[in-house]
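Work through the two exercises below with the structure open beside you, and try each task before you read its solution.

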Amino acid sequence: MIRQTIASALLATMALACAGEDGKDGSNGTDGTDGADGTNGQNGTNGQNGSNGSNGTDATLKVLSFSPVTAPVTDADKRRVLVSSEALVNNSLVGLQYTTVARSGDTFGTAVFGRIVDNTGMPVRQQDGSEFVSPSNDFSSILDVGNQLYEITQFETQPGAMYISQLTQSATGVLSMTSTRPVDFSSVNGLWNPCASSVTPWSTHLGSEEYPQDARQTETATTVAQVTGSSNVNMLRYFRLDPATVTVAAAKAAFKPYHYGYPVEVSVASGGATSVKKHYAMGRGAIELAYVMPDRKTVYITSDGTNNAFTMFIAKTAGDLSEGRLYAARWFQTSPAGAPNGSADLYWIELGGNAKNADVKALVDGGITFSQIFDTATMAPDGTCPAGFKGVNTDSVTRAECLSLKTGMELAASRLETRRYAAYLGATTEFRKMEGITYDAAGHRLYVAFSEVNNGMVNGHATRDLGGPNHIRLAENGCGAVYELTIGKDVVIGTDYVASDTKALLEGIWLQDPANMNPYPAGSPYAGKNECAVSAMAAPDNLSFVPGYRTLLIGEDAGSEHQNDAVWAYDLETGRLDRIMTTPYGAESTGVYFYSNIRGRAYIKANVQHPFGETDQTMMMDPTELRSYTGYIGPLPAMN
Amino acid sequence: MRPGLLFVGLAAALVAIGLRASQREPATASAPAAAGRVAAPAIDNLAAYIPPQCYAKTTGGRNPCATCHRDSVAPNFIDDGDVQTELSIPRYAATNRWTNVMTPPAPAAIGDAELLSYVREGNYRGETDCAFAADRDGWDRDGRGEVTWWRAYASPPTPGMFWPTNGSAGDAFIRLPDAYRRDAQGRPSLAIYALNLAILEAAVKRTDVAIPPADERTLGADLDGDGALGTATRVAFRWPPAPGREPRYVGAAAALDTRVWGWPAAGLFPAGTEIVHSLRYLDVIDGQVWPAARMKEVRYMRKARWMSYADLDVAAKHEQGEKERDPDVLRHILGDSEKGLGTGGGWTVRGWIEDERGVLRPQTLEETAYCIGCHGGVGATTDGTFSFARKVGWFAWGARGFRGITEPVRDDGRGEYRVWLESVRGGDDYGTNAEVAARFLDDRGRVPDGLAEAFAKDISVLVVPTPERALALDRAYLAIVRAQSFARGRDALLGAPLIESQLVQGAPTGIQTALAP
């Protein structure tokens, strides 16, 4: 039992961690010579007290251990959010539960949590007058500003939304939402499909815009759907245009693909006013997450989707992401081709030069188009390009192309067509579903999650490596992996936080590997529903490090990989992997993030997207109802 | 999120999230009575929602796809007309698992007399509370002659497997929830109910609907939209409505919360709407084909939740985006045996089907998943349904021997059935209906004008099989019943089907131009 083992460990360690010892006694005085019996000699003076010994170091008994959640087997359990019932945090056993703070569609006065607004702040409406309420909340950050707790929640829809809400914290650490309002993005042409985010060291929310529209398609668009991308046409509603009736010309006038696909920073001032910045200088892509390192300058940026780059931004001024240099990783594999447990050295290729948001924005506002940046040619079926063109293979939609950079277009290419340009310069654009990022400062290790290791990440993929350099040559693993990157000083790039190499930390166990089919047997409660072993993590998405406790939290985004998404706690010291939460059928755990101290309490934020549904008294229940929940596991005692 | 095919087993009540945990046990979000330790059901075909019609050969441009896949009309935002020209299928489903359709089993060896005796035996035991006994106004009445509030309606069947000549005779009944059946004082009223059904019809068919003279003042509703409260002889269809003048249901239903129950928005049914239809064998009486007393299936759908235009738009765009980024992802289907499977559009579906002795039993989850593709994922539907938007009257069509319905006319003025016959170059999706092909298509694949005019006036000329074919279809289906192999395909096919065993994602279909509705 966890309790007993830890208790005895506690006692043992206590014994060592005592107060400092007394100083030694002084040596005795020499004896007096013998005399006649008579008066006794004086006592020798006491020796000086020894100086105090230095204090023993406090017992650094940083223990974090969760009682594990077993993978649900009953139907009832598969429909619930299951959470570790307790955790051992240092000396205390803490009871845990999952607490919902708000659900999309909840009303607070006249505000509706997750309701989409246009560029005048009015709710966007469909032709029947109905309002758009996003059922997909993703990451939420918790900020403490001016003596008020705020939560900023991202909603993954088109148009996208962020809501800033006020929170109160009870005496027992329970968080409640008391008000909410949408964040205004009209100064940056609206928000596009935000996904994950992080909190910067200077306490701002650093969000993202995912899957921007291919500007090459927009330029030649002859239909409205081709201007924005057919699943994105509702972005036009942000500009109060109706996708059903708008002309192609009007759509093109309002919607510019280069306005979207960037990290987005939201600052909260004392009193709650928000200001937003899109960091064009940080490059454009299907941004999953931008993560700022402790130097407040070095930022790692992951992208979701297929055939992506992995980029690093070095801000010119610490704490200011509006200007800096941009690099893309070049993977040099050191592990055998086609094998699992990959390892690679990483080189960083600079894209363009130093850039400022304002300069990039000026290009966009000037109406720059894709064809002003690149010339294109047709790729031969064998992946080769005509003379003067370079083959690149990026993104699942744009795929393999032959490109030639037009003269003087380095800045534009580096920031507006980052992925294409990265490939063009020889960086690696084979990364697949690269999502969560988190950093262990004490261990100097960065962790990233690949939800799946396939497509361009395998050795010589027929379509995804066509025309490209095939840098990444790992064994296919449909269950994904977490990779560890060594972080250190790079004198050329000029920061102490450059990733120099990487290797696999944890891999999912792929039972449906065609080379090694090993499905659960018939009759097993896991049969037919879990492509990946239930006892291991699969489809890792969010990562969050618990500093001081050597624990990595891993949130899954599984479909057929795991029937129920799980959140795991991985002890980097012992290699112990504990499941600490599972979500219902069809639900996704999102926004897993650890806060070590919010007014004396720690929280593990975890949102649940698309939970299966609630008990309903009236039989009015749709099993596919989508509503997402923002909440947390905890509270735990402060852990910093 | 990334979908996959998920099933839920036998249900316990669902649970709310956010309540306090107990110690030691994994904390649950609340503490209802636990269901038994039921393992998840076994599913053979994870793509059971993709019906066999999707594997029909399209070489040379034959096009059975347009029936379901087309550019849609809001609030259907699926807009999948491009599937006609470029194949979109998840990798798993590229392999055709409908083995009964690729290789139809030998028909049951059973003589005419025994077969007729079998199909004339009624097997409905009240699986739903519809009596399947419509009076001449379509009102369903129980054994005591009381209305059950179900009402039969007739529609020209969607081309393809719903034609009697392709296997089954069907019927359809609709019912609205209790509040729609009562007047403003709460008293049950067939007249109020009929009015509410007319209001619904106007919204779903997007046309004005004639009604018996109604006193708008008493009802408190300007049904004919003339700006005054007088006597209305029609429900007017106006879309989009002027703000503040949105149409409403009448009687007790007028007091319902529209955010929960809905309102007569164009193309949508209110929450709580139920639709039931039976699929029957074919009987032959005095040389004429009639629907048999025996039911192959009872199919039931219920609108569990109101979804507004915006809700449907968000859901459709989300699915579309997921598919664009990863076309191989299979669909999540959620639900349980008690409430049925969710279509994703607010409806749940359930069904009953014969066991090997002909007794109706609940369909398995895999058998029910078969409904989800057409009722929850194509551009052709009106709020997840086909038939009500095509309604031509309040009666059970089969009871009139399939007579008296004219051919639907397309937007371009051509006959829907004629265009379909020429598109599929035959009488069914798979090219196995040699009878229709021989009778109605010349050797250039055209329907001669004379024949087209004949079935334009009365579709029974086309869609009802000869008695010989009717019995052959019954035999073909009975083989599947005896084998209980519905999950491998339940279409009754006579002849070698034109069907692919393997599809290629992203490949051109062979259809050059998508056929518009």
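A salt bridge is counted when a side-chain nitrogen of Lys or Arg lies within 4 Å of a carboxyl oxygen of Asp or Glu. The model used here is a predicted one.

**Exercise 1.** Find the salt bridge between B:D313 and A:R237, and say how each residue is placed.

*Solution.* Begin with the distance: the closest N and O atoms of B:D313 and A:R237 are 4.0 Å apart, and the pair forms a salt bridge. Next, locate the partners, for the pair crosses between chains, with B:D313 in helix α6 (residues 309–325) of chain B and A:R237 in the loop between α4 (224–228) and α5 (248–254) of chain A. Then turn to accessibility, where buried means under 20% relative accessible area. B:D313 has 0% relative accessibility and therefore counts as buried, and A:R237, with a relative accessible area of 9%, is buried because this value is also under 20%. Finally, look within chain A, where A:R237 also forms a salt bridge with A:D242, their closest N and O atoms being 3.9 Å apart; A:D242, at 30% relative accessibility, counts as partly exposed.

**Exercise 2.** Decide which residues of helix α2 (residues 112–119) of chain B are buried, and how they are arranged.

*Solution.* First list the buried residues, which are B:L115, B:L116, B:Y118 and B:V119. Seen down the axis of α2(B), these residues fall within an arc of 160 degrees, so they line one face of the helix. On the other side of α2(B), B:A113 and B:E114 are exposed. Lastly, ask what covers the buried residues: the covering elements include β8 (274–285), β9 (288–303), β12 (347–354) and α12 (467–483) of chain B.

Notes
Residues are numbered from 1 along each chain as its sequence is written. Chains are lettered from A and ligands numbered from 1 in the order in which they are written. This is a predicted model: local features need pLDDT of at least 70, side-chain atom pairs count only at pLDDT 80 or more; totals for chains, interfaces and linings use all residues. Side-chain values use heavy atoms; hydrogens and water are left out. Buried means under 20% relative accessible area, exposed over 50%, partly exposed in between (1.4 Å probe, protein chains only). Helices (H or I, at least four residues) and strands (E, at least two) are DSSP runs, numbered from the N terminus. The arc is that of the directions from the helix axis to the C-beta atoms. Contact means heavy atoms within 4.5 Å.
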